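Please read the following note beside the sequence and the structure. The points are numbered so that each can be checked in turn.

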Amino acid sequence: MKTALAILLIFHGLIHFLGFSKAFNLAEVNQLTIQIGKSAGLLWLLTGLLFISAAILFLYKAEWWWMATMAALAISQVLIMTSWQDARYGTIANVIIFIATIAGFGVWNFHRSFMLDSAAGVARTSALSKNLLTEADIQTLPLPIQKYLRVTGALYREKVNNVKISFSGEMRSKSMDWFKFTTTQYNFFDTPTRLFYMNGKIKGLNVPGYHAYKNGTATMQIKPFGLISMVNEKGEALNKAETVTLFNDMCLLVPASLIDKRIQWEELDSQTVKAIFTCNGISITANLYFNNEGWLVNFISDDRIDISGNSDKNFRFSTPVKDYKLYNGRWAPSIGEAIWHYPEGEFVYGRFQLKSIEYNVTHN
């Protein structure tokens, strides 16, 4: 579909060059019987260039490709009206391109809400103090957490006010087979915030989703082409589920954030720690499991409600991780899974590959 649209844009643009050739007598154009002035000929040329530019922008995944296409469509249809007898069939191509352009606008507009939210968070947190995290900051934490902070390289680096994270992977539900996705997210730690934007590919279609968690209030929207609301969730169940997800991010991806005073700790044994994280009146509990070397290998919580449409009930939620790698000077797991523990058995619904983490970003 992507290739077909690009070919249509280029081919339709090249056809517009015929009007330019006719106006300037560059070639014999028998298809156009109506006389075309030089000013109109330049508009035919401009329109062709706009369509071809839009195709290039589209192929290079520039989200604003639709702007060039809209401009081209507006001029093109006016030119077609002035040469209706010869060019009327160009309207069919314009209608097809217009439909695709509306979808492009929808994705851009949907993604724009994520970009505006993340820009506000970056502006708010980039000016905060970036003192180093030292041994003095972690002395009251359980020993397994202290060890974890040391092995991941969090000590004697800047305390983390925000992060930008990108993943690739695949997800599914009981009613839907695996589909591939890429994600970009921003987390902010002054006011607990998680902004998670996903581009999913379901049966070849672009299905973007935006999960926004802001100080205990969560929303989840999934919109094919950014236009059709497939999922629009909010409410107490989602608020609690996303509080678990935010704390999961803190534990697995940003261990420097575990000095947060909103966390209550209990050391269960030398490799297991219980945590209670509270955000704006919502408290969730999780157990963290470490290996002999001090790496966090699993996160388990019974406070995340399954809102996938299967049940809306509490089931055990776990995220085993492995293969720690270095990201901008800090260690984080590169591979992880998300698992529901249903009565009938474990159900892996997400597989994640960590692509990048940027700490204390100053622009989005």
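1. Thr183 counts as buried because its relative accessibility is 4%; buried means under 20% relative accessible area, exposed over 50%, and partly exposed in between, with a 1.4 Å probe and protein chains only. Thr183 belongs to strand β2, residues 176–188. Helices (H or I, at least four residues) and strands (E, at least two) are DSSP runs numbered from the N terminus.

2. The model is predicted: local features need pLDDT of at least 70, side-chain atom pairs count only at pLDDT 80 or more, and totals for chains, interfaces and linings use all residues. Residues are numbered from 1 along each chain as its sequence is written, and side-chain values use heavy atoms, with hydrogens and water left out.

3. Which residues does Thr183 touch, not counting residues up to four places away in sequence? They are Ile165, Ser166, Phe167, Phe196, Tyr197 and Met198, where contact means heavy atoms within 4.5 Å. Thr183 and Val107 lie 76 residues apart in sequence, and their C-alpha atoms are 14 Å apart in space.

4. Helix α1 (residues 2–23) packs with helix α5 (residues 90–125) at an angle of about 140 degrees, and their axes are 11 Å apart. That angle makes α1 oblique to α5. Angles under 35 degrees count as roughly parallel, over 145 as roughly antiparallel, 65 to 115 as roughly perpendicular, and the rest as oblique. Axes are lines fitted to C-alpha atoms, for helices over the stretch in contact, and angles run from 0 to 180 degrees between N-to-C directions.

5. On the α1 side, Leu5, Leu8, Leu9 and His12 meet Gly90, Ala93, Asn94, Ile96, Ile97 and Ala100 of α5.

6. Two residues other than glycine have a positive phi near 55 degrees: Asn215 and Asp323. Asn215 sits in the loop between β4 (205–214) and β5 (217–222), whereas Asp323 is in strand β12, residues 321–327. Asn215 is partly exposed, at a relative accessible area of 30%; Asp323 is partly exposed as well, at 40%.

7. The protein chain contains eight helices and 14 strands. Its radius of gyration is 26 Å, well over the 21 Å that the globule rule gives for 364 residues, so the chain is more spread out than a compact globule. The radius is taken over C-alpha atoms, and the rule is 2.2 Å times the number of residues to the power 0.38. Along the principal axes, the C-alpha atoms fill a box of roughly 85 × 45 × 35 Å.
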